[in-house]
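Have the sequence and the 3D view open as you read.

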Amino acid sequence: MASSTTATSPDIASLPLMPSEEEVLLRKTVSKIVAKYGHEYYRQKSLTGEPMQELWDELGRNGYLGLNISEEYGGSGAGLTQLSIVLEEMAAGGCPELAMVLSQGIAGSVFGLHGTEEQKQAFLPGIADGSLKFVFALTEPDAGSNSHNVSTSATRDGDEWVVKGSKYYISGVDHCDRFLLVARTGKDEKSGRGKLSLFVVDPNVEGLTRELIPTALSAPERQFTLFFDNVRLPADSIVGEVDKGLVPLFDGLNPERVLSAVICTGIAQYAIDRAVEYTKSRAVWNGVPIATYQGVQHPLAAAKIQLEAARGMTWRAAALFDAGLPAGEQSNMAKYLASKAGHLALDTAIQVHGGNGLAHEYGLADLWSIIRLQQIAPVSTEMVLNHIAQHTLGLPRSY
C-alpha cells in the first residue's frame with residue numbers, strides 16, 4: 001500500500017532530481033576560481049607545508065566559505081549542500097582542502113548549534129569569511145575512535161581550567177587561529193567512562209607546545225603532536241555544557257563526513273577527467289588512441305559508475321542535514337562509498353597513464369595519500385561498518 005506521506009511533505013527532506021540554477025552557477029563560478037590556481041599550486045603548497053592561502057582568501061572574499069553559516073553571523077545561510085559543492089569543485093580542480101572540513105564543517109556547525117551568543121559573534125563571522133581558521137584536537141595515542149578513552153584532562157581552578165596531556169595527529173594546527181579541544185573533565189562512576197568537555201583554545205597559549213609528525217601524506221596540512229603543560233583556559237572557553245562535550249561534537253561529525261566524502265568525489269572526477277583526456281591522445285599500437293580499447297574504457301566506465309553512486313548518497317546526506325533530520329546513517333554511508341570511489345578512480349587513472357601516472361607532470365600520484373587517508377580518517381572504514389551494523393541492521397555491538 002502506498003504511503004499517505006508524499007515527497008512534498010514539509011516534514012521530510014526533498015532531494016531534487018536536478019541541481020538548481022543557483023547550484024549550477026555556483027559550480028561554474030567556483031570551478032573558474034580554482035582553475036586560476038590549478039593542481040600545480042596545490043602540489044607546491046603540499047611540498048612547503050603552507051596553506052592554500054591565496055585560493056582560500058579569494059573564496060572567502062566572494063562569500064563561498066560561509067555558505068553553511070547563518071546570515072546573522074556573516075554567512076549566506078544556504079546550507080551544507082552548497083558548501084559541499086564548493087569543496088567538491090576545489091577537489092575536482094586538483095586542490096582538495098582539508099581545512100574546510102575542520103573549520104567550516106566541524107567548527108562552523110558546532111558553534112552554530114551550541115555556541116553561546118558571545119562565541120557565535122566572536123567566531124562565526126571569521127569562519128564565514130575565512131579570516132578565522134579552526135582545526136580540531138580529539139585523537140590521542142590511546143584514544144581515537146573510542147573518544148571515552150581520552151586522557152587529556154581539564155580541571156577547574158577558580159575562573160580557569162587547567163589542561164594537562166597530549167593530542168596526536170592534529171592537522172594544520174600550525175596555521176590555525178583557534179582549535180576545538182576535547183578533554184576529560186570528569187568520570188562516570190557507573191560506567192567508568194570519562195566525561196568530556198569541548199573547549200576553544202588559542203594555539204599560542206602559554207604551556208602548549210607542538211611537535212611535527214613526519215608522514216608520507218602529501219597535503220598542505222601537516223600533522224602534529226600537541227603537549228599541554230598546565231595550559232590555563234578561561235571559563236568561557238567551554239562550548240556547550242561541562243561534561244557533555246560529546247553532544248556538540250557529534251553535531252559536527254555529520255558535516256565532517258559529508259565534506260570528507262566530497263573531497264573523494266571531487267578527486268575522483270579530477271582523476272577520471274585527466275584519464276579520459278590522456279587516453280584520447282595517447283596512441284601505442286597502430287596509431288590508434290588507447291581510448292578505443294575496451295580494456296581501457298571499461299575500468300574508467302566502472303569508476304564513473306562508482307563515483308555517481310557515491311555522489312547520490314552524499315547529496316542525500318547533505319539534504320537530510322540541511323533539513324534538520326537525522327543524517328548519521330547516510331553521512332557514514334556517503335563517506336564509505338566516496339572513499340572507495342575516489343580510491344578506484346585515482347588508481348584507474350594512474351593505471352591507464354602507465355608510467356606517466358607517477359610523473360608530477362600529470363598530477364595524479366601526489367593525490368594518492370590524501371585519497372587513501374579518507375579510508376582512515378576522520379573515521380575509518382571499519383568504524384563506519386560498525387555503525388551501520390549496529391544502528392542500521394540492529395546487530396549486537398561488536399567493539
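## Aspartate 57 and its helix

Aspartate 57 sits in helix H3 (residues 53–61); helices here are DSSP runs of H or I with at least four residues, strands are E runs of at least two, and both are numbered from the N terminus. At 31% relative accessibility, aspartate 57 is partly exposed. That label covers the ground between buried (under 20% relative accessible area) and exposed (over 50%), using a 1.4 Å probe and protein chains only. Serine 76 comes 19 residues away from aspartate 57 along the chain, and their C-alpha atoms are 17 Å apart.

A quick word on where this comes from: the model is predicted, so local features need pLDDT of at least 70 and side-chain atom pairs count only at pLDDT 80 or more, while totals for chains, interfaces and linings use all residues. Residues are numbered from 1 along each chain as its sequence is written, and side-chain values use heavy atoms, with hydrogens and water left out.

## Domains

UniProt, in an unreviewed entry, puts "domain: Acyl-CoA dehydrogenase/oxidase N-terminal" at residues 20–130. That span is 70% helix and 0% strand, and its end C-alpha atoms lie 26 Å apart. The unreviewed entry also places "domain: Acyl-CoA dehydrogenase/oxidase C-terminal" at residues 251–391. Here the figures are 73% helix and 0% strand, with 17 Å between the end C-alpha atoms. UniProt positions are in the numbering used here, feature names are shortened, and annotations may be inferred rather than shown by experiment.

## The nonpolar cores

Which residues touch the most other members of the largest nonpolar core? They are Leu55, Leu59, Val86, Leu87, Met90 and Met100, out of 57 residues in that core. A nonpolar core means a set of buried Ala, Val, Leu, Ile, Met, Phe, Trp, Tyr and Cys residues joined through side-chain atoms within 4.5 Å. Helix H7 (residues 246–281) gives the largest share, 11 residues. Domain 1 and domain 3 both supply residues to this core, so it lies between them. In soluble globular proteins, nonpolar side chains tend to be buried together.

Zoom in on methionine 90: leaving out residues up to four places away in sequence, methionine 90 touches Val34, Leu55, Leu59, Cys95, Pro96, Glu97 and Met100. Another core of 47 residues lies apart from the largest one, and its members include Phe111, Phe136, Cys176 and Val231.

## Threonine 314

Threonine 314 is in helix H8 (residues 294–322). Threonine 314 is buried, at 1% relative accessible area. Beyond its neighbours within four places in sequence, threonine 314 is in contact with Val258, Ala261, Val262 and Ala334.

## Cysteines

How many disulfides are there? The count is 0, going by pairs of cysteine sulfur atoms within 2.5 Å. For cysteine 95, the nearest cysteine sulfur is that of cysteine 264, 16 Å away. Cysteine 95 is buried, with a relative accessible area of 0%, and cysteine 264 is buried with a value of 0% too.

Most residues other than glycine have a negative phi, and most peptide bonds are trans. Asparagine 230, in strand S7 (residues 223–234), has a positive phi near 55 degrees. Asparagine 230 is partly exposed, at 39% relative accessibility. Aspartate 243 has a positive phi near 70 degrees and lies in the loop between strand S8 (238–239) and H7. At 29% relative accessibility, aspartate 243 is also partly exposed. The peptide bond from alanine 377 to proline 378 is cis, with omega near 0 degrees, and proline 378 is in the loop between helix H10 (368–373) and helix H11 (381–392).

## A hairpin

Strands S2 (residues 153–157) and S3 (residues 160–171) run antiparallel and are joined by 5 bridges; strands count as paired if DSSP finds at least two bridges between them. Aspartate 157 has glutamate 160 of S3 as its bridge partner. The hairpin has 2 residues between the strands, and glycine 158 takes a positive phi near 65 degrees there.

Note on methods: Domains from an automatic or database assignment. Contact = heavy atoms within 4.5 Å.
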